[in-house]
Amino acid sequence: MKRVLLEVCCASADDVIEAYKAGADRVELNSSLFHGGLTPSIGSLITAKQKAGIKIMAMVRPREGGFCYTDTEFEVAMNDARALLANGADGIVFGFLHNDGTVDVERTRTLAQIAHNAGKESVFHRAIDVVPDWKSALDTLIGLNITRVLTSGQEPDVSDATDTIREMISYADGRIEILPGAGITLKNMERVIMESGCNQIHLAAHKQMLDTSVTNNRSIFYGGCLYPPEDRFKITDRDYIASIAGRLSDR
């Protein structure tokens, strides 16, 4: 059987290290996965590169909530992209749309060129899942020499869109990589791979950890209106990722 590459979505340097130890092939480094993934800190990238011998794709997303950014936000994105690549990122992950949901060609070209000038990869993320015509979007991204597209097949869960993923792979015909992600688990992984015909998958798997430093006053919250418990945080579940990596190796 063909080798299927495993990319793990990470939110910290610790996540990257755990994914690396679990046998992942590549990671996508973010901050704030709760908001769909935002630009990570330079410190987290540097630490991850020092401690994990793995390919790291770095998210470039200046804020949550859509993909049509202000001029200032786009300037931040360009500066972040250059800084991440200069500090060891193996590629950058981004997505720019117009208000009507179509691909913002000029901004996408700019970020792609920044990556290519550094000899690194460019990935258009799941912004493609809200475009009105994914074939037209793929044609645009292929024309801009984007390396890869991360997509759930325009469904909330990629396991419900394996037919679309297969169609995307066929339509791309080797001109751009198609990376399925969103909702892939140990339980449905084999079906997603078989039905879509993909050669790489993207997923996240975290377990909850406790931090008891805040337990002296449980009435204090530092977050927003959701008030998440302050005595816990998440980290990549190494055992779960290792199970997936092992399953892929045994195929």
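The model is a predicted one. The largest pocket has a volume of about 490 Å³, and the second largest pocket has a volume of about 310 Å³. Among the helix pairings, α1 packs with α8 at an angle of about 40 degrees and crosses α2 at roughly 25 degrees, while α7 and α8 cross at roughly 45 degrees.

- The largest pocket, with its volume of about 490 Å³, is lined by 24 residues, of which Gly36, Arg126, Leu150, Ala182 and His202 are the closest to its centre.
- Sorted by class, the lining of the largest pocket consists of 12 nonpolar, eight polar and four charged residues.
- The second largest pocket, at about 310 Å³, has a lining made up of Ala11, Ser12, Asp15, Ser31, Ser32, Leu33, Phe34, His206 and Lys234.
- In the lining of the second largest pocket, three residues are nonpolar, four are polar and two are charged.

**Helix α1 with helix α2**

- Helix α2 spans residues 42-51, and its axis comes within 8 Å of the axis of α1, with a crossing angle of roughly 25 degrees.
- Because angles under 35 degrees count as roughly parallel, α1 and α2 are described as roughly parallel to each other, and the crossing in which α1 passes α2 is right-handed.
- On the α1 side the contact is made by Ala13, Val16, Ile17 and Tyr20, and on the α2 side by Ser44, Thr47, Ala48 and Lys51.
- This contact of α1 with α2 comprises five nonpolar, two polar and one charged residues.

**Helix α1 with helix α8**

- Helix α1, which covers residues 13-22, packs with α8 at an angle of about 40 degrees, and the two axes lie 8 Å apart.
- That angle makes α1 oblique to α8, and the crossing of this pair is right-handed.
- Glu18, Ala19, Lys21 and Ala22 of α1 meet Arg238, Ile241, Ala242 and Ala245 of α8.
- By class, five residues of the contact between α1 and α8 are nonpolar and three are charged, with no polar residues.

**Helix α7 with helix α8**

- Helix α7 (residues 189-196) and helix α8 (residues 238-250) have axes that come within 11 Å of each other and cross at roughly 45 degrees.
- The two helices α7 and α8 are therefore oblique to each other, and their crossing is right-handed.
- The residues that form the contact are Met189, Glu190 and Ile193 from α7, together with Ile244, Arg247 and Leu248 from α8.
- The contact of α7 with α8 has four nonpolar and two charged residues, and no polar ones.

Definitions and conventions
Residues numbered from 1 in each chain as written. Predicted model: local features only at pLDDT ≥ 70, side-chain atom pairs only at ≥ 80, totals over all residues. Heavy atoms only, no water. 1 Å grid on protein atoms, 1.4 Å probe; cavity = no way out; pocket = protein on both sides within 12 Å on 5 of 7 lines; lining within 4 Å. Points joined across faces, edges and corners; volume = space filled by probe spheres on them. Nonpolar A, V, L, I, M, F, W, Y, C, P; charged D, E, K, R; others polar. Axes fitted to C-alpha atoms, helices over the stretch in contact; angles between N-to-C directions. Helix = DSSP H or I, 4+ residues; strand = E, 2+ residues; numbered from the N terminus. Parallel < 35°, antiparallel > 145°, perpendicular 65-115°, else oblique. Left-handed = near helix turned anticlockwise from the far one by under 90°. Contact = heavy atoms within 4.5 Å.
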